[in-house]
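Try each task before you read its solution.

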Amino acid sequence: MDKILPGLAMLAVVAVAFVLLGIGWRNRLRRQADVEQLPEVPAATGEPAAVAEGQYVATTTAGDWLDRIAVHGLGIRTNATLAVYPHGVLYERAGAPALYIPAASLTGVRQDSGMAGKFVEKDGLLVLAWMLGAHELDTGFRTRRAADKDVLYQALQELISSAPAAGATSGK
């Protein structure tokens with residue numbers, strides 16, 4: 001009996017912690033209800049300019065590496081493949097929907113050491129800045145092999161420099 005009560009108390013504390021985590025995540029989803037739907041993945045993607053395996057870290061509000069975007073599955077850390085195409089970027093995520101970012105939505109790419117609870121060596125993450133409607137977002141990716149990061153970084157820089165600016169309209 002003297003071991004059962006402390007065990008039950010600890011179990012109750014753990015249960016309360018999980019309930020509070022669930023409430024917090026639900027409230028985050030409610031606060032982010034105004035985030036637009038994700039762009040559709042093109043039916044025919046073509047041949048990628050660069051591709052690498054790694055880990056999709058998260059998508060956060062631009063400039064706030066702790067404000068994880070929870071809606072549309074963007075807050076789920078998972079293994080992924082990142083492919084850079086002439087028309088955009090595709091994250092094929094394990095256990096989560098694919099994330100496609102059209103080239104016109106891209107605003108920048110940088111290397112960083114961490115975001116949303118994932119911290120690595122200096123410049124160990126590729127962080128892609130992009131627009132989803134009126135929301136400025138940052139999406140982090142960690143390559144499995146260090147050499148792949150430089151190839152992806154260069155391909156992303158070329159894609160961003162050749163793509164029309166986010167929000168720009170073309171005249172006819």
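**Exercise 1. Find the charged residue that lies over the face of Y56, and give its distance from the ring centre.**

Solution. Start at the ring of Y56 and look over its face: R93 is there, at 4.6 Å from the ring centre. The criterion is that NZ of Lys or CZ of Arg is within 6 Å of the ring centre and within 35 degrees of the ring normal. Before going on, note that this is a predicted model, in which local features need pLDDT of at least 70 and side-chain atom pairs count only at pLDDT 80 or more, while totals for chains, interfaces and linings use all residues. Residues are numbered from 1 along each chain as its sequence is written, and side-chain values use heavy atoms, with hydrogens and water left out.

**Exercise 2. Classify the aromatic pair of Y56 and Y91.**

Solution. A pair of aromatic rings is described by the distance of the centres and the angle of the planes. Rings of Phe, Tyr and Trp (its six-membered ring) pair if their centres lie within 6.5 Å; planes under 30 degrees apart are stacked, over 60 edge-to-face, and the rest tilted.

- Step 1: the structure holds two aromatic pairs.
- Step 2: in the pair of Y56 and Y91, the ring centres are 5.7 Å apart and the planes stand at 75°, so this pair is edge-to-face.
- Step 3: the pair links distant parts of the chain, with Y56 in strand β1 (residues 50–61) and Y91 in strand β3 (residues 88–93), 35 residues apart. Strands (E, at least two residues) and helices (H or I, at least four) are DSSP runs, numbered from the N terminus.

**Exercise 3. Is Y91 buried or exposed, and what about its strand, β3?**

Solution. Buried means under 20% relative accessible area, exposed over 50%, and partly exposed in between (1.4 Å probe, protein chains only). Y91 is buried, as is Y56. Five of the six residues of β3 are buried, so this strand is largely enclosed by the rest of the structure.

**Exercise 4. Which strands pair with β3?**

Solution. Two strands pair if DSSP finds at least two bridges between them.

- Step 1: strand β2 (residues 78–85) runs antiparallel to β3, with six bridges joining them.
- Step 2: L90 stands opposite Y100 in β4. The hairpin of β3 and β4 has five residues between the strands, and G95 there takes a positive phi near 80°.

**Exercise 5. Which strands does β9 (residues 135–143) join?**

Solution. Take the two partners in turn.

- Step 1: β1 and β9 are antiparallel and share seven bridges; G54 is partnered with T143.
- Step 2: strand β8 (residues 125–132) is likewise joined to β9 by seven bridges, antiparallel; W130 is partnered with L137. In their hairpin, with two residues between the strands, G133 takes a positive phi near 65°.

**Exercise 6. Where does A70 lie, and is A70 buried or exposed?**

Solution. A70 lies in the loop between β1 and β2. Its relative accessible area is 6%, so A70 is buried. The C-alpha atoms of A70 and K118 are separated by 16 Å, and these residues are 48 apart along the chain.
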